[in-house]
Amino acid sequence: MKAFLDDDFILQSQAAKTLYHKYAENQPIFDFHNHLSPQEIFENKPLGNLANAWLDHDHYKWRAMRAAGVDENLITGHIRKDGSVKSDEERGGAAAVASADYERYLAFVRTLQLCPGNPLYHWSHLELARYFGITEAVTEANAREVWDKCNALLAKPDYAPRGLLQKLGVRELCTTDDPLDSLEWHKKIAGDWKDCKVRPSFRPDLALNAESPAFPEYISRLQQMDGTQFKSLADMIEALGRRMDFFKQNGSVVSDHSLENDFYLPTNYDDVNYIFEKAWIGKKLRPDELAKYKGWVLIELGKLYAQKGFVMQIHIGALRDNNAAMFNLAGKNIGEDSLNDFNFAQQLSAVLNAIYSAEPAARTILYNLNPKDNEALATMAANFRNCQFGPAWWFNDHKDGIEEQIRVYSRTAPLGSYVGMLTDSRSFLSYPRHEYFRRILCNFVGGLVENGEFPWHEEALGKLVQNICYQNAVDFFLK
């Protein structure tokens with residue numbers, strides 16, 4: 001029986017151990033997609049206690065706690081619907097907050113005991129080990145001891161957000177930002193912190209989601225910010241292009257799109273311009289109109305991204321906010337999302353074909369949430385130069401999912417070209433997920449060697465692993 005979380009955690013062969021410890025373990029991190037707050041990075045305030053650091057923004061943990069029957073007040077009772085944390089006064093004063101925070105921390109510890117096979121168990125213990133030096137499993141019996149030790153460290157200046165990023169070797173990270181964002185905090189970070197490059201990402205969901213009740217107001221705000229009068233859809237696209245220029249001036253190298261239903265039907269400019277005008281005045285669109293609008297806008301934005309040097313990220317397949325009662329109680333991003341199930345291969349092919357036909361130097365990275373789409377997306381990516389099948393995303397971000405994603409990638413494209421891992425997280429303690437991925441990667445490659453399926457050329461395989469862990473992402477996103 002192996003010890004839990006020892007130095008060779010997940011590594012099952014000597015080749016895997018050599019690749020990880022000698023080549024992968026100390027590689028820096030380029031985290032090309034996450035949801036960290038640039039304001040929190042700039043202000044660099046202590047995160048508070050372990051409940052704050054572990055639970056305040058982590059919907060993965062909230063989801064597990066809810067499934068374990070934990071009272072909602074111990075999960076999101078401290079969070080406003082906009083995602084911000086309530087003040088001590090709102091929660092009954094400092095003493096009440098301290099007591100409640102320990103109770104929600106303890107509720108999560110109890111939840112962890114119910115989670116063999118769940119990535120949260122591995123992630124949480126890697127976080128304890130790598131940030132706090134705690135290598136024993138946390139249980140109710142030692143929960144107070146772990147709480148006290150972690151809180152004492154979290155009170156130190158080097159455990160504020162910037163220090164936590166530096167501890168794990170994060171060189172660059174890309175936050176997720178609306179095109180109308182002023183990028184105030186990114187500018188301030190760039191002015192006073194050189195140890196980690198914090199880049200904005202251009203995510204125009206609200207400009208694409210013409211079915212949203214917020215769409216008319218959003219387009220009017222974009223028009224006002226641009227200082228022009230939109231007479232057509234083309235004017236709106238040009239305004240978004242100018243916002244891309246602003247983002248690029250502030251370090252952005254990547255865009256992001258979330259596609260959650262049909263997103264392409266053939267159309268022409270006159271038809272889609274009419275659809276845009278209809279949506280802008282608040283009229284409801286038919287599903288076919290929405291698909292035409294989204295496809296046309298995606299293609300036009302994809303062309304602009306290529307021209308301006310952005311990588312286009314496309315995330316496909318989330319079914320969001322399924323529980324209306326919970327949405328009304330606590331808002332979005334609280335752990336009430338799941339896999340969508342729709343067929344999109346032909347739509348994606350049409351969008352990518354239009355983009356790459358116009359802009360052969362385009363760069364895209366594709367993510368699927370439903371694992372049934374692994375092979376479809378991997379083979380689609382391989383049709384286009386500089387198009388990547390992205391890392392295991394969200395509900396696939398666990399040991400089995402990462403292993404399967406690597407297997408699919410390796411049999412449909414050169415594994416040595418893979419751009420590696422990201423956190424997709426709102427938590428500053430999430431960076432051991434890169435270690436988790438690296439161990440799984442080295443175990444996969446080492447397993448091929450162990451089974452006689454690939455020759456043992458240590459230096460070449462070591463370089464391949466190093467590139468996947470860091471350098472390939474740098475080359476792909478920054479070239």
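The following legends describe close-up views of a predicted model.

View 1. Five strands, arranged as E4-E5-E6-E9-E10, make up an open sheet with parallel pairing. The edge positions are taken by strand E4 (201-202) and strand E10 (387-389); each has a single partner strand, so one side of each is left without a neighbour in the sheet. Strands of a sheet pair through backbone hydrogen bonds, in either a parallel or an antiparallel sense.

**View 2. Pairing of strands E5 and E6.** Strand E5 (residues 254-259) is joined to strand E6 (residues 311-316) by six bridges in the parallel sense. Within this pairing, valine 254 has valine 311 of E6 as its bridge partner. Helix H20 (residues 458-478) packs on the sheet, where it touches E5, E6, strand E9 (363-368) and E10. The direction of H20 makes about 125 degrees with that of E9.

**View 3. Strand E9 and its two neighbours.** E6 and E9 run parallel and are joined by six bridges. Isoleucine 314 is placed opposite leucine 366 in E9. The parallel pairing of E9 with E10 involves three bridges, and here isoleucine 365 has glutamine 388 of E10 as its bridge partner.

**View 4. Burial of strand E9 on both faces.** In a regular strand the side chains alternate between the two faces of the sheet. For E9, one side carries Arg363, Ile365 and Tyr367, and the other carries Thr364, Leu366 and Asn368. Because six of the six residues of E9 are buried, the strand is largely enclosed by the rest of the structure.

**View 5. Packing of helices H13 and H14.** Two packed helices are described by the angle between their axes and the distance between the axes. The axes of helix H13 (residues 269-280) and helix H14 (residues 287-308) cross at roughly 110 degrees and come within 9 Å. Angles of 65 to 115 degrees count as roughly perpendicular, and H13 and H14 are therefore roughly perpendicular to each other. On the H13 side, the contact involves Tyr269, Val272, Tyr274, Ile275, Phe276 and Lys278; these meet Glu289, Lys292, Tyr293 and Trp296 in H14. By class, the contact of H13 with H14 comprises seven nonpolar and three charged residues, with no polar residues.

How values were computed
Residues are numbered from 1 along each chain as its sequence is written. This is a predicted model: local features need pLDDT of at least 70, side-chain atom pairs count only at pLDDT 80 or more; totals for chains, interfaces and linings use all residues. Side-chain values use heavy atoms; hydrogens and water are left out. Axes are lines fitted to C-alpha atoms, for helices over the stretch in contact, and angles run from 0 to 180 degrees between N-to-C directions. Helices (H or I, at least four residues) and strands (E, at least two) are DSSP runs, numbered from the N terminus. Angles under 35 degrees count as roughly parallel, over 145 as roughly antiparallel, 65 to 115 as roughly perpendicular and the rest as oblique. Contact means heavy atoms within 4.5 Å. Ala, Val, Leu, Ile, Met, Phe, Trp, Tyr, Cys and Pro count as nonpolar, Asp, Glu, Lys and Arg as charged, and the others, Gly among them, as polar. Two strands pair if DSSP finds at least two bridges between them. Buried means under 20% relative accessible area, exposed over 50%, partly exposed in between (1.4 Å probe, protein chains only).
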